[in-house]
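I opened this entry to keep track of what I looked up. Each point below was checked in turn.

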Amino acid sequence: MNVVLLGPPGAGKGTQAARIVEKYGVPHISTGDIFRANIKAGTELGKRAQEYMNRGELVPDELVVEIATDRLAADDCKEGFLLDGFPRTVFQAEKLDEFLASKGRKIEHVLNIEVGRDDLMARLTGRRVCKSCGASFHVVNIPPKQEGICDNCGAELVQRADDNEETASNRIEVYNRETKPLIDYYEKAGNIVNIDGGKAAEDVFAAIADRLGE
Ligand code: AP5
Ligand code: MG
């Protein structure tokens, strides 16, 4: 099961990825998570990525492609994978296709999660993430049982550095400019399905599970 989650910032890619991983047992590969882990660890890669992420711009293609294909070459991806936030440009999609083709594989499902701009902004600015396990909540939509505390592990919930109004707004613009053309790219390939991401998270997941099957 080789799956790509496509959708603007705040569409619910990470939220749905957690549910998909639980049901289907595929490894979740989020390039955003990989960069944030590197920033936290203070690596050279983290330092390079951070300057782009803080502005809500895309990290340069060459860097992202290398990291994503390295990760996809790992043993646990042999039976399938769930890509979240990669590819994000047509160049990245082409490189991904080339990489998979060289292994006799291809993308089977592209799930395009659609949400309107106002909802995206409210979701991004209200998001809180766990400092320790990375679980994601929302102050209004998906509140933790105890304010500021992770339901899963009890650690502190914080706001992502790029979830302020200005950066979030730029991320949506960058998505419209650089990533939206991928919808066309995958429509030509014939493996994309649109998912209404404006519904409650359980309903969005039901539509996804319908597509992915048992
Ligand atoms: P990345 O981490 O991928 O961020 P993103 O694409 O901007 O997406 P988000 O993680 O913000 O949103 P999401 O769709 O996962 O939503 P979530 O489920 O959390 O990338 C960050 C940065 O890294 C980029 O800007 C770029 O700089 C760099 N980068 C990463 N990949 C790259 C690449 N391939 N190329 C170049 N640069 C790259 O949900 C959001 C909120 O809404 C949460 O609070 C959640 O609780 C809530 N919510 C979720 N679902 C629902 C629902 N159904 N109803 C109500 N609320 C909901
Ligand atoms: Mg995410």
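How many residues surround ligand 1, and which are the closest? I noted first that I am working with a predicted model. I found 36 residues around ligand 1. Thr15, Glu57, Arg88, Arg127 and Arg171 are the closest of them.

**Entry: polar atoms at the ligand**

I then looked up single atom pairs. For Thr15, a polar side-chain atom lies 2.5 Å from an oxygen atom of ligand 1. For Arg171, I read 2.6 Å between a polar side-chain atom and an oxygen atom of ligand 1. Ala201 uses its backbone instead: a polar backbone atom there is 3.2 Å from a nitrogen atom of ligand 1.

Next I traced a sheet.

Strand β1 (residues 2-6) and strand β3 (residues 81-84) run parallel and are joined by 4 bridges. Val4 has Leu83 of β3 opposite.

**Entry: the sheet of 3 strands**

I also found an open sheet of 3 strands, in the order β6-β5-β7, and its pairing is antiparallel. The edge strands here are β6 (136-138) and β7 (157-158), each pairing on one side only. Strand β5 (residues 127-130) runs antiparallel to β6, and 3 bridges join them. Across this pair, Arg128 stands opposite Phe137 in β6. I noted a helix here as well: α6 (residues 117-126) lies across β5 and β6, at about 40° to β5.

**Entry: two helices**

As a reminder to myself, two packed helices are described by the angle between their axes and the distance between the axes. For helix α2 (residues 31-41) and helix α3 (residues 44-55), I wrote down an angle of about 115° and axes 8 Å apart. The crossing of α2 past α3 is left-handed.

Which residues meet where α2 and α3 pack? From α2 I listed Gly32, Phe35, Arg36, Asn38 and Ile39. From α3 I listed Leu45, Gly46, Ala49, Gln50 and Met53. Sorted by class, this contact has 5 nonpolar, 4 polar and 1 charged residues.

Technical notes: Residues are numbered from 1 along each chain as its sequence is written. Chains are lettered from A and ligands numbered from 1 in the order in which they are written. This is a predicted model: local features need pLDDT of at least 70, side-chain atom pairs count only at pLDDT 80 or more; totals for chains, interfaces and linings use all residues. Side-chain values use heavy atoms; hydrogens and water are left out. Axes are lines fitted to C-alpha atoms, for helices over the stretch in contact, and angles run from 0 to 180 degrees between N-to-C directions. Helices (H or I, at least four residues) and strands (E, at least two) are DSSP runs, numbered from the N terminus. A crossing is left-handed if the near helix is turned anticlockwise from the far one by less than a right angle, and right-handed if clockwise. Contact means heavy atoms within 4.5 Å. Ala, Val, Leu, Ile, Met, Phe, Trp, Tyr, Cys and Pro count as nonpolar, Asp, Glu, Lys and Arg as charged, and the others, Gly among them, as polar. Two strands pair if DSSP finds at least two bridges between them. A residue is near a molecule or strand if one of its heavy atoms lies within 4 Å of it. A polar contact is a pair of N or O atoms within 3.5 Å; within protein, one must be able to donate a hydrogen and the other to accept it, and residues adjacent in sequence count only if both atoms are side-chain atoms.
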